[in-house]
Amino acid sequence: MIYLDNHATTRCDPRVVQAMLPWLSEDYGNPSSVSHDAGHTAAEGVQRSAGAIASALNAPAEAVLFTSGATESNNLAIRGVCLHPRQKKRHFVTVASEHHAVLDVADDLEREGIRVTRVPVVANGNDSSGLVDLDRLAAAIEPDTALVSVMWANNEIGSIAPMKSIAQLCHSRGALLHSDATQAVGRIPVDIGDADVDLVSATAHKFYGPKGIGFLLAGNGNRRVRLKPQIVGGGQQHGLRSGTLNPAGIVAMATALTLCVDEMESETARIAQLRNKLFDLLCRGIEGIVLNGPPLTQSSRLAGNLNFQLDAIEGAAWMSATPELAFSSGSACSSADAAPSHVLTALGLSESAARCSVRFGIGRFNTDEEIEQAANRLIVAYTKLRQLS
Ligand code: PLP
C-alpha cells in the first residue's frame, strides 16, 4: 500500500513509539497518585511533556489540558466558553469551512439557546483560498459574541489562515478566539504568543503521534478564559477535564511534536517537493485537472496538501479502481457521510465538481519512488475509467 492520506492520520513515528514504551511497562503509575514514587514519576513525565508542548508552541505550560483528541478539545473550548455559568454573552461565530468537530458543536449550541453565525469563505472565482472573508467575519462579531472559532489550517484544501489578524479583529471587538489547529500543529510554525489566540485544539495522530490523545491550550495569559468542564469526575486537571491521564500517550505526543518542530524546515521542503511532483505527473498524464483551494505555495497552503477535480470521473470511482493507494475523496474524517464535501461546496464548487474531487496528503514517510508509482497507477486507472464511461 502507498499511504497518501496524511490529513486523515499519520503513521506513528518509530522514535515516538520508542519514547512511549517505558510508560506502558516500567513507569505505569497514575500521575494523580503522587503519594508514592510510581505516581510521582508519571506526574513528572506528564509535567515535562506539558512543558515541551507549551514551548514548541510558545504558550504557557499552565494552559495545556490533555484530552482524547481534537474533537474533545473543540467541544471543551466552544461549549466550555459559551456555556460557562458566568458567561453573559450568548452568541458564537464560526466559519462554513470548519471541520464537523466545530460545526456540529455549533449546531448543538443553537439547540441550547446560543445564537450562532456561520461566516462564509471567500468564493469569488479569483480567490479560491477557502479562507474566511475577513470583512464578513468583522461584521459578524457583536458585543454579545463570547467566542469566535476559526481553524488554523483546513483539513481538505490545506489553506492557512492569517491567525494573527483574525485574533486582532476578535479582540478589538471584545470576543475570545479559538482555533482548531489540528492540521497546523506540527506542520507549520504555530506561535501562540505571537498570534495571540486564546484557545487552541490539536490531536497527536496528525503529527506522527498515537491516536486518542490531544490537547487544548486554554488561555495565553493575555485574557481570562473561563471553561465549563465537559467531563466531570475525579477532578483531574484542576477539575477542567476529569479522567486518569494517559502518560504514555502524553509523552508520545510531546515527543512527536518536538520532532516535528525540530525537523520542520527540511521536512516541509521535502514534502512540498513530493506534493508538487505528484501534481505535475498527474497533470501531464490526465487532461482537465483543476486545483481546488489556494496555490501550491508554502505560505498559503500546507506543504503536503493536494486537492483537485477530475474531469467527469468521481473521486470515489478513482479510489475504488486503485485499492493499493490510500487517498480520499472529500474528508476522510467524516467518511461516514456520503454527501459532497461541505468545504468544497462552500468554495463555490457544484455538487458534481465536489464529487469529482480528491484529496492527497503527503507525509514524512513518503518517498520519490512511491510518488512515481502512485502517479503511474492513478493515470492508468483514470484512463480505463474514461474508456468505460
Ligand atoms: N479538526 C480537524 C481540522 C481535523 O482534521 C480532525 C480530523 O480528524 C479533527 C478535528 C478531529 O480530530 P480527532 O479525530 O483526533 O478528534
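Helices (H or I, at least four residues) and strands (E, at least two) are DSSP runs, numbered from the N terminus. The structure is a predicted model, in which local features need pLDDT of at least 70 and side-chain atom pairs count only at pLDDT 80 or more, while totals for chains, interfaces and linings use all residues. Residues are numbered from 1 along each chain as its sequence is written, and side-chain values use heavy atoms, with hydrogens and water left out.

View 1. Asn220 is in the loop between β8 and α8. With a relative accessible area of 12%, Asn220 is buried (buried means under 20% relative accessible area, exposed over 50%, partly exposed in between; 1.4 Å probe, protein chains only). The side chain of Asn220 makes a polar contact of 2.8 Å with the side chain of Asp196. A polar contact is a pair of N or O atoms within 3.5 Å; within protein, one must be able to donate a hydrogen and the other to accept it, and residues adjacent in sequence count only if both atoms are side-chain atoms. The Asn220 side chain also reaches the backbone oxygen of Val197, at 2.9 Å. Neighbours within four places in sequence left aside, Asn220 is in contact (heavy atoms within 4.5 Å) with Pro60, Ile192, Asp196, Val197 and Asp198.

**View 2. The salt bridge between Asp196 and Arg223.** The closest N and O atoms of Asp196 and Arg223 are 2.5 Å apart, and the two residues form a salt bridge (a side-chain nitrogen of Lys or Arg within 4 Å of a carboxyl oxygen of Asp or Glu). Asp196 lies in the loop between α7 (192-195) and β7 (199-203) and Arg223 in the loop between β8 (214-218) and α8 (247-285), so the pair ties together parts that are 27 residues apart in sequence. Asp196 is buried at 18% relative accessibility, whereas Arg223 is partly exposed at 27%.

View 3. In one of them, the side chains of Arg364 and Asp13 meet at 2.7 Å, N to O. This pair ties together parts that are 351 residues apart in sequence, because Arg364 is in the loop between β12 (357-361) and α12 (368-388) and Asp13 in the loop between β1 (2-3) and α1 (14-20). Arg364 and Asp13 are both buried. A network of salt bridges links Asp13, Arg15, Glu263, Glu267 and Arg364.

**View 4. The salt bridge between Arg118 and Asp107.** The side chains of Arg118 and Asp107 form a salt bridge at 3.0 Å, N to O. Arg118 belongs to strand β4 (residues 115-119) and Asp107 to helix α4 (residues 100-111), so the pair ties together parts that are 11 residues apart in sequence. Arg118 is partly exposed, at 34% relative accessible area, and Asp107 is partly exposed at 30%.

View 5. Among the 13 residues around the ligand, Thr71, Asp180, Gln183, Thr203 and Lys206 come nearest (a residue is near a molecule or strand if one of its heavy atoms lies within 4 Å of it). A side-chain N or O atom of Thr71 is 2.6 Å from an oxygen atom of the ligand. A side-chain N or O atom of Asp180 is 2.6 Å from a nitrogen atom of the ligand. A polar side-chain atom of Thr182 is 3.4 Å from a ligand nitrogen atom. The ligand taken alone exposes 390 Å², and the protein buries 87% of that.

Notes. Areas by Shrake-Rupley, 256 points an atom, 1.4 Å probe, with all protein chains shown as cover.
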